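Trainee: Before we use any of the labels attached to this protein, could we go through them one at a time and set each value against its cut-off?

Mentor: Gladly; here is the structure to look at while we talk.

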Amino acid sequence: RWEQLYNSAPLKEKRLGQERQRVQQQEEQWLAENCIHRSATDAQPDQIFSRLYRERFDREKRMEQMRAANAASRSQQLAEGSVHASCSASEADLVERTRRLYEDGLQRMERLEVARRLHNQQFKAPRRSASAGPSRFEMLYSDASRRDEERKHLQECHERDELEMCRLQLVTTPRRLGGSGTSSAQARSSSARSHAE
């Protein structure tokens, strides 16, 4: 089997090479027949220039026609979808519309003037006189003095509490009297009794 594959490999390679060459020749022939590039030898430079000029002129003409068509279709779409009706009113209708607009403007001006007067009256309301009640300054001054008094009272309470704590600590600390344990215990009990009384 291996020998057969080994012997047939050169034949297979030759056949594949011929097939590749044939496919390549067919592709080149197709490209030559269907080439989109014109050969420059077929036309003179004057012909090429005139052809390009005509193509550009035709292209600009088509673009202008497309722009005009787009503008016409856009204006038609706007006209169809517009909320403004086409106005073909008579002169009497125009006079009536103008009169209504003028009267609406006058009514609006009157409403604004009434609102302005009401607004001004609210701001011109009589203000309280200084003798009617305490002024803002007096209220602030009394508030500040009240806070000072509260601060002093709290400080005094804090000092009293500290003094009381010091007394309690003095009472509960053991005192040495003469170096004996019984006398210090007696001193503690006597000081506790005196404190309780």
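**Labels and their cut-offs**

Mentor: Let us begin with C166, which has a relative accessible area of 43% and is partly exposed, and keep in mind throughout that the model is a predicted one.

Trainee: Why is C166 called partly exposed?

Mentor: Buried means under 20% and exposed means over 50%; the 43% of C166 lies between those limits, and therefore C166 is partly exposed.

Trainee: How many disulfides does the structure hold?

Mentor: The structure holds zero disulfides, and the criterion behind that count is a pair of cysteine sulfur atoms within 2.5 Å.

Trainee: What makes the contact between R51 and E55 a salt bridge?

Mentor: The cut-off asks for a side-chain nitrogen of Lys or Arg within 4 Å of a carboxyl oxygen of Asp or Glu; the side chains of R51 and E55 meet at 3.5 Å, N to O, so the pair qualifies as a salt bridge. Both residues lie in helix α2, which covers residues 45–81, and they are four residues apart, about one turn of the helix. As for accessibility, R51 is partly exposed at 29%, and E55 is partly exposed as well, at 36%.

Trainee: How do you know that E96 and R99 form a salt bridge, and where do they lie?

Mentor: Their side chains meet at 2.4 Å, N to O, and because this is within 4 Å, the pair counts as a salt bridge. E96 and R99 both belong to helix α3, residues 91–123, where they are three residues apart, about one turn of the helix. With 32% relative accessible area E96 is partly exposed, and R99, at 37%, is partly exposed too.

Trainee: What makes E113 and R117 a salt bridge, and what separates them along the helix?

Mentor: The side chains of E113 and R117 meet at 3.8 Å, N to O, which is still within 4 Å, and so the label of salt bridge holds. Because E113 and R117 are four residues apart in helix α3, about one helical turn separates them. E113 is partly exposed at 31%, while R117, with 46% relative accessibility, is also partly exposed. Elsewhere, salt bridges that share partners join E96, R99, R100 and E103 into one network, and a search of the whole structure finds 14 salt bridges.

Trainee: Why is Y53 called exposed?

Mentor: Y53 has 52% relative accessibility, and because exposed means over 50%, Y53 counts as exposed. Y53 is placed in helix α2, and together with F49 and F57 it makes a nonpolar surface patch of about 390 Å².

Trainee: Which elements make up the protein, and how many of its residues count as buried?

Mentor: The protein has five helices and zero strands, so that the order from the N terminus on reads α-α-α-α-α. Of its 197 residues, 2% count as buried, a label that requires a relative accessible area under 20%. The accessible surface comes to about 19,500 Å², and 55% of this surface belongs to carbon and sulfur atoms.

Conventions
Residues are numbered from 1 along each chain as its sequence is written. This is a predicted model: local features need pLDDT of at least 70, side-chain atom pairs count only at pLDDT 80 or more; totals for chains, interfaces and linings use all residues. Side-chain values use heavy atoms; hydrogens and water are left out. Helices (H or I, at least four residues) and strands (E, at least two) are DSSP runs, numbered from the N terminus. Buried means under 20% relative accessible area, exposed over 50%, partly exposed in between (1.4 Å probe, protein chains only). Patches are made of residues with over 30% relative accessible area and no salt bridge: like charges are joined within 9 Å, nonpolar side chains (Val, Leu, Ile, Met, Phe, Trp, Tyr) within 5 Å. Accessible areas come from the Shrake-Rupley method with a 1.4 Å probe; for residues, only the protein chains shown count as cover.
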